[in-house]
Amino acid sequence: MATGAELPGIVQAIGLAAGALTTLAFLPQVVKTWRTRSTADISLWMFLAFLTGVGLWLAYGLLIGDAPLIAANGATFLLAGVILYFKLRHG
């Protein structure tokens, strides 16, 4: 059986695909929140915990130099940050 060390290109491609999909999942919510300015159904405490976790994943990715972790969590942090901004401003 092949290990991650033997297939670095495939492993990184899987990481980038996973990061892209989980990050892009936030885009419809950002667009909806931007258009409606409504965040009534979004839990502030869940979002704060989520953003803290994403920030820690981003820090971890930066510390180990992992491009998929850095790209996915950096983008997710920005998108989720937009939603949090609207939650705090319009919530």
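Phe 26 and Phe 47 are both buried. They belong to a predicted model of a chain with 4 helices and 0 strands. The rings of Phe 26 and Phe 47 have centres 6.3 Å apart and planes at 85°, so the pair is edge-to-face. This pair links distant parts of the chain. Phe 26 sits in the loop between helix H1 (8–24) and helix H2 (27–36), while Phe 47 sits in helix H3, 21 residues away.

**The aromatic cluster**

- The structure holds 6 aromatic pairs.
- Phe 47 also pairs with Phe 50. Their centres lie 6.1 Å apart, with 55° between the planes, and the pair is tilted.
- Phe 47 and Phe 50 both belong to helix H3. They are 3 residues apart, about one turn of the helix.
- An α-helix has 3.6 residues a turn, so residues three or four places apart point the same way.
- Phe 47 has a relative accessible area of 6%, under the 20% cut-off, so Phe 47 counts as buried.
- Phe 50 has a relative accessible area of 28%. That value falls between 20% and 50%, so Phe 50 counts as partly exposed.
- Phe 26, Phe 47 and Phe 50 together form one aromatic cluster.

**Helix H3**

- Helix H3 covers residues 44–64, which is 21 residues. At 1.5 Å a residue, H3 should span 30 Å. The C-alpha atoms at its ends are 30 Å apart, which agrees.
- The buried residues in H3 are Phe 47, Leu 51, Val 54, Leu 58 and Gly 61.
- Seen down the axis of H3, these buried residues fall within an arc of 80°, so they line one face of the helix.
- The buried residues of H3 pack against helix H4 (67–90).
- The face of H3 turned away from its buried side carries exposed residues: Trp 45, Ala 49, Leu 56 and Leu 63.
- Gly 65 follows H3. The phi of Gly 65 is positive, near 70°.

**Leu 79 in helix H4**

- Leu 79 lies in helix H4.
- Leu 79 has 18% relative accessibility, under the 20% cut-off, so Leu 79 counts as buried.
- Leaving aside residues up to four places away in sequence, Leu 79 touches Thr 23, Phe 26, Leu 27 and Val 30. Phe 26 is also a member of the aromatic cluster.
- Leu 79 and Gln 29 are 50 residues apart in sequence. Their C-alpha atoms are 9.0 Å apart in space.

**The chain as a whole**

- From the N terminus on, the elements run α-α-α-α.
- The radius of gyration of the chain is 15 Å. The globule rule gives 12 Å for 91 residues, and 15 Å is well over that, so the chain is more spread out than a compact globule.
- Along its principal axes, the C-alpha trace spans about 50 × 25 × 20 Å.
- Buried residues make up 25% of the 91 residues in the chain.
- Take the contacts between residues at least 6 apart in sequence: 72% of them join residues at least 24 apart.
- The chain exposes about 6100 Å². Carbon and sulfur atoms supply 72% of that area.

Key:
Residues are numbered from 1 along each chain as its sequence is written. This is a predicted model: local features need pLDDT of at least 70, side-chain atom pairs count only at pLDDT 80 or more; totals for chains, interfaces and linings use all residues. Side-chain values use heavy atoms; hydrogens and water are left out. Helices (H or I, at least four residues) and strands (E, at least two) are DSSP runs, numbered from the N terminus. The expected span of a helix is 1.5 Å times one less than its number of residues. Buried means under 20% relative accessible area, exposed over 50%, partly exposed in between (1.4 Å probe, protein chains only). The arc is that of the directions from the helix axis to the C-beta atoms. Contact means heavy atoms within 4.5 Å. The radius of gyration is taken over C-alpha atoms; the globule rule is 2.2 Å times the number of residues to the power 0.38. Accessible areas come from the Shrake-Rupley method with a 1.4 Å probe; for residues, only the protein chains shown count as cover. Rings of Phe, Tyr and Trp (its six-membered ring) pair if their centres lie within 6.5 Å; planes under 30 degrees apart count as stacked, over 60 as edge-to-face and the rest as tilted.
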